[in-house]
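Take a look at the model below.

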Amino acid sequence: MSGAGRLVVVATPIGNLGDLSPRARATLGEADVVACEDTRHTGVLLQASGVRAHRLVSLHEHNEAARVDELLAVLTGGGTVALVSDAGTPLVSDPGARLVAAAAAADVVVQAVPGPSALLAALVVSGFDTRRFRFEGFLARKGTERRAALERLARAEEPTVCYESPQRLTATLSELAARCGGDRRVAVARELTKRFEETWRGTLAEAERWSGDHAARGEYVLVLDAAPPALAGAERSPEDLRDLAGRLIAAGLRRKDAASALEICLSLPRRTAYDASLAGTAAREEAASEGGGDAPVR
Ligand code: SAM
């Protein structure tokens with residue numbers, strides 16, 4: 001090995017071996033080292049594709065930090081490292097980011113052999129407007145992080161792609177329906193490029209029923225359509241929100257009901273809706289004390 005080394009990020013099939021590109025095959029055969037999540041898994045792919053790799057080393061989420069120095073030594077010594085994951089494009093909800101960052105920081109050439117990814121495959125079959133989109137990867141499983149992620153999906157002004165496990169599919173669709181409303185459209189892409197590939201499309205309310213009636217098997221990607229324009233972004237000024245809260249209160253809602261209405265109808269964070277309801281209450285009380293006419297706020 002001499003001269004400048006090269007790190008090549010190589011996409012591999014997400015289920016259909018025919019999707020391994022000729023350039024991916026050549027790169028994997030020529031690389032001094034193929035870094036992969038699971039050497040047995042990638043060994044099977046290479047064998048089935050007729051590729052004889054020089055050396056396979058494992059690089060997964062638990063050992064990536066420790067492996068970086070070793071692979072960097074290969075790269076700075078002039079060697080070529082091909083990085084793959086178990087399926088699809090490395091670094092997309094898969095390991096590799098530390099290695100790429102370290103290689104870039106060491107001025108090693110980093111190249112991609114692009115190819116399959118469940119993210120783009122699902123997006124392009126979703127039927128939604130794909131000019132702009134968001135990717136959430138796997139949603140956090142619980143707690144504040146999950147609530148924040150659901151909130152982002154509810155408010156997003158463009159379609160959002162999420163990976164989901166079969167075990168969590170129904171629960172996630174239900175939570176999305178509760179958060180975004182049952183009318184929001186969703187596409188559920190399953191087993192892309194494989195024998196039982198299918199894409200289900202409908203509203204979240206229909207999706208909840210559909211997934212409740214079908215045992216989820218295989219691999220899934222959800223594509224949630226953008227929020228309707230009236231709700232998207234909730235980019236209203238605090239004054240606007242205060243006035244809206246004030247009007248709801250004037251119409252007879254209690255302060256906490258006005259806060260809930262703002263939170264649900266405008267997909268606002270709870271805290272923002274609460275603050276707006278307080279400001280609306282204060283504004284109403286001020287107006288009442290000045291004009292003397294209005295009833296006190298409950
Ligand atoms: N790096 C990969 C990529 O580019 O697609 C994704 C890796 S992530 C750990 C694995 C998740 O991707 C699965 O849990 C599933 O949500 C999604 N996925 C992968 N292959 C899929 C397929 N053939 N059909 C549907 N979803 C798939």
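How far does a backbone N or O atom of Ile 14 lie from a nitrogen atom of the ligand? The distance is 2.9 Å. That is a polar contact, defined as a pair of N or O atoms within 3.5 Å. This is a predicted model: local features need pLDDT of at least 70, side-chain atom pairs count only at pLDDT 80 or more, and totals for chains, interfaces and linings use all residues. Residues are numbered from 1 along each chain as its sequence is written, and side-chain values use heavy atoms, without hydrogens and water.

A backbone N or O atom of Thr 89 lies 2.9 Å from one. For Ala 118, a backbone N or O atom lies 2.7 Å from an oxygen atom of the ligand. The protein covers 90% of the 580 Å² of accessible area that the ligand has on its own (Shrake-Rupley method, 1.4 Å probe).

Now the shell. It holds 18 residues around the ligand, each with a heavy atom within 4 Å. Val 92, Asp 94, Ser 117, Ala 118 and Tyr 220 come nearest. By class, nine are nonpolar, four polar and five charged. Strand 7 (160-164) and strand 10 (220-224) each supply at least two shell residues; strands are DSSP runs of E, at least two residues long.

Step back to the domains, whose bounds come from an automatic or database assignment. The chain has domain 1 (6-116), domain 2 (119-229) and domain 3 (236-289). Domain 1 and domain 2 each give at least three residues to the shell. The C-alpha centres of domain 1 and domain 3 are 54 Å apart.

Definitions and conventions. Polar contact = N/O pair within 3.5 Å; in protein donor to acceptor, adjacent residues only side chain to side chain. Helix = DSSP H or I, 4+ residues; strand = E, 2+ residues; numbered from the N terminus. Nonpolar A, V, L, I, M, F, W, Y, C, P; charged D, E, K, R; others polar.
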